[in-house]
Each structure stands twice: as C-alpha cells, then as structure tokens.
Amino acid sequence: MTTPTKMAVVGAGSWGTTFAKVAADAAERNADDGTICLWARREAVAAEINDSHTNSQYLDKIRLSQRISATSDLREALSDANVVVLAVPAQTLRAQLHEIRDDIAPGAVVISLMKGLERGSDARMSEVIGDELGIEPAQIVVVSGPNLAMEIAREEPTASVVACADEEVATRIATLISAPYFRPYTNADVVGVEIGGIVKNVIALAVGICDGLGMGDNTKASVITRGLAETTRLAIALGGQLETMAGLAGLGDLVATCSSPLSRNRTAGRLLGENLSATEVGEAMTQTAEGMKSAHAVLDLARRNDVEMPIAEAVVGVLDGRLTIEGMARQLLGRDLKSETNISRESD
Ligand SMILES: NC(=O)C1=CN([C@@H]2O[C@H](COP(=O)(O)OP(=O)(O)OC[C@H]3O[C@@H](n4cnc5c(N)ncnc54)[C@H](O)[C@@H]3O)[C@@H](O)[C@H]2O)C=CC1
Ligand SMILES: O=C(CO)COP(=O)(O)O
C-alpha cells in the first residue's frame, strides 16, 4: 500500500491557491486519499478558505474543493507533509526556507512554482531550495508552463511541465497533479524549464511597454520572437536544451504571458510604457510581477556567462531610469545587423 499524499502549499496567492485546487481535483479524479493544506500569511485568508472554500482576494468566484484546508501556522501546514509546494515571491524564498528548514520532513519532495531569479546570487529557485534545505536534485521539482492562474482556476484546458532530474519523481508528481483540465508533461531539463519561466517575465515587461506606447502586433511579435532567441541563448549557455525552449515552458509560457491581459508582468510593462517609473509601477501592482525584480539578476547572469540579452538589457535600463521608453526602441533597432539563425552566445 502506498502512503497517501499529504501536500503542503506554502503561499495562498493566485498560483498557490490554484495549484492546490489542481492537486485536489487530481486526487478526486485518481480517487486517492490525498489531502492538501494551504498556508496563508493572513489568518483571514485561511479562515475564508476553511469556512467558505473560496479565496476571493486572489480567485474571485472560484470554488475550492473540500479536500483543501488552510492555516496561517506554517509549522502546522508542514507537519508530516511528504510533498511541499513553494509559491511565494522569489526574493522572499531564501529567508522563508531558512525559517522552516527543520520543519520539512526528510525525504519530502519539494516543488517550486516560482518564476524568479534571486537578486545578489543570480540563483534559480531550485538552487535556492537545494542550498537552504541541503536536499538532492532528485527531491526538487519545478512546475512551469503557460499557466495563468485564473484561467486554470476556471478549469480552462491547460498543459504544463513537471521538471526533475529524476524522471521517476517527475512522473509521480505529474500523476499527482493531472486533473481533468490540467495536463502535465515531464522533462528532465530543470535548467531550461526554469530559465524559460524566469526570462519570459522580463520579455513580457518589454511587450507591455510596447502596449503602453500603443504599438501593434508586428512590434510585439518581433519582441516575443527575439526574446525567445535571447532566452534560448542563456538557457543553452547554462546547460539547458533547445527542445525545452521550443516547448511549453519556453515558447508556450512566453506566448501566454506576452499575450494575456491577465499577466501581471505584461501589465507592469504597460504601466512603464505609459511613463510611470518603476517605483510607481511597484506601488500600483497588488500581485507579484517577478520580472520587475528578476530582470537585473537575469542580465547579471547573462553577462557572467558571456551571453548577449539586448531586450533584457533595455528593460533593466528602463527600470533603473537610465533609458527612456523611446530610447529603448532606438537602442534595440540601432544594433548591428546579424543573421537571425545564430543561436551562439555572442550576438543578436
Ligand atoms: N499567478 C500566476 O498565474 C502564476 C504565478 N507563478 C509564479 O508563482 C509565484 C507566486 O506568484 P503568485 O501566487 O501569482 O503571487 P501572488 O502575489 O498572487 O501571491 C504571493 C503569495 O506570497 C505571499 N507573500 C508575499 N510576500 C511574502 C513574504 N515576504 N513571505 C512569505 N510570503 C509572502 C502572499 O501573501 C501571497 O500569498 C511567482 O514566482 C510567480 O511568478 C507561476 C505561474 C503562474
Ligand atoms: O507565469 C505566468 C503564466 O504562465 C503568470 O504570469 P504573470 O506573473 O505575468 O501574471
């Protein structure tokens, strides 16, 4: 007999809550005894999930399964959990893990849902998890793909990627989250899957800037496509696979995020394009737009690996107030002419 899954989801924002719903609906479909406990920072959010089975601040009008319980006591959520899911803002993860490292059961599989790069260390979230918890890559899973939370919460059919160095673990987690409306594929390329999710947020800021400036689809398609080229260069330099970048966690997520009005990163970019400063955009956003903070780390990581990322560089220039949005277009269009198909590190 296999042990029933006891899942703890750390972070009851849009994606943490939606992922808990997916796992609960998958358990229902698999007719297993799995339970899901969501940790919410605020007691009121936990109480609403327990009493009304809703989380109205993040997922308006979405009903959650009765298999999902919630608590604002993190130790209680983690108690005996054999699968721990992390869905907090990337820049807060290390401090959070530091606090709870002794409360995570040895042998638990830890899943990262986050799409950010740590500023200062340029570490991917799977690397932060490995550092802070001292666990093996076979225990660390990354879930990423074209996964706008609200669409999944509404049960609109969606595919995703479950990445782990150990393919058996990836398959086990994929089974655990395979809901009637959510289809996960496995992939052993953790680096490529994570880089796709991180960099698309920066490219979505650039596409949002185009929106803010009132530019049309040619401009946005050009940014998306060349954005994929620079994302691919970085992923390959770090050991990722070309095929991953053409898949759900690369092209798929880039297209979803850059096209959707639901995207927080694209929205933040639009506000930048409407001439708000990065500080003003930060104040206007009520949910996490990871690209606003990760962009600097992406550029730093690229420079350390001799990878050119002109779009990321221009976005960082705008965020830092060194480049105007009009100057951004001039800078990108003024570059030396190149072959399109060169995926080598040096140039674009
Ligand atoms: N919302 C989406 O559609 C998707 C989001 N993601 C990624 O998931 C991660 C989480 O994003 P969302 O759930 O959308 O964000 P959110 O802004 O909706 O929720 C963030 C959650 O983290 C908590 N939190 C905020 N500051 C914290 C801190 N200092 N310490 C601990 N917890 C804190 C908040 O209370 C909230 O529960 C991000 O890395 C994002 O890129 C990935 C795929 C889809
Ligand atoms: O990662 C996402 C979709 O896959 C969500 O994008 P935003 O964080 O820009 O809303």
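Biologist: Which residue of strand 5 is the bridge partner of Val83?

Modeller: In this predicted model, Val83 has Val109 of strand 5 as its bridge partner.

Biologist: How many bridges join strand 4 to strand 5, and which way do they run?

Modeller: Strand 4 (residues 83–86) and strand 5 run parallel, and four bridges join them.

Biologist: What does the chain pass through from strand 4 to strand 5?

Modeller: The chain goes through helix 4 (residues 93–100), and this β-α-β crossover is right-handed.

Biologist: And on the other pairing, how many bridges join strand 5 to strand 6?

Modeller: Three bridges join strand 5 to strand 6, and these strands also run parallel. Within strand 6, Val142 stands opposite Ser112. The chain crosses from strand 5 to strand 6 through helix 5, again in a right-handed β-α-β crossover.

Biologist: Which way do the residues of strand 5 point, and are they buried or exposed?

Modeller: Strand 5 covers residues 109–112. Val109 and Ile111 point one way, Val110 and Ser112 point the other way, and all are buried. In a regular strand, side chains alternate between the two faces of the sheet.

Biologist: Where is Ala105 found?

Modeller: Ala105 lies in the loop between helix 4 and strand 5.

Biologist: Why is Ala105 counted as partly exposed?

Modeller: Ala105 has 14 other C-beta atoms within 10 Å, so it is partly exposed.

Biologist: Which residues is Ala105 in contact with, leaving aside its neighbours within four places in sequence?

Modeller: Ala105 is in contact with Asp80, Ala81 and Asn82. As for Val84, it is 21 residues from Ala105 in sequence, and their C-alpha atoms are 9.2 Å apart in space.

Biologist: Changing topic, what domains is the protein divided into?

Modeller: Domain 1 spans 6–188 and domain 2 spans 192–333. Their centres, taken over C-alpha atoms, are separated by 25 Å.

Biologist: How many residues of each domain are in contact with the other?

Modeller: On the domain 1 side there are 27 residues, in contact with 27 residues of domain 2. Several elements of domain 1 supply at least two residues each to that side, among them helix 5 (125–133), strand 6 (140–144) and strand 7 (158–163). Strand 7 gives the largest share, four residues. By class, this side of domain 1 has twelve nonpolar, nine polar and six charged residues.

Biologist: Now the ligands. Where does ligand 1 lie?

Modeller: Ligand 1 lies between domain 1 and domain 2, because both give residues to the shell around it.

Biologist: Of the 24 residues around ligand 1, which come nearest?

Modeller: Those that come nearest are Gly13, Trp15, Met114, Ala149 and Thr288. Helix 1 (residues 14–30) provides the largest share of the shell, three residues. The shell around ligand 1 has eleven nonpolar, ten polar and three charged residues.

Biologist: And which domains does the shell around ligand 2 draw on?

Modeller: At least three residues come from each of domain 1 and domain 2. The residues around ligand 2 include Lys115, Pro146, Asn201, Asp253 and Arg264.

Biologist: Which helices supply at least two residues each to the shell around ligand 2?

Modeller: Helix 8 (190–212), helix 11 (248–259) and helix 12 (264–273) do. Helix 11 gives the largest share, three residues. By class, the shell around ligand 2 has four nonpolar, five polar and three charged residues.

Conventions
Residues numbered from 1 in each chain as written. Chains lettered and ligands numbered in written order. Predicted model: local features only at pLDDT ≥ 70, side-chain atom pairs only at ≥ 80, totals over all residues. Domains from an automatic or database assignment. Contact = placed C-beta atoms within 7 Å. Nonpolar A, V, L, I, M, F, W, Y, C, P; charged D, E, K, R; others polar. Near = placed C-beta within 6 Å. Buried ≥ 20, exposed ≤ 12 C-beta atoms within 10 Å, placed from the backbone. Pairing = 2+ DSSP bridges. Right-handed = clockwise from strand over helix to strand, strands pointing away.
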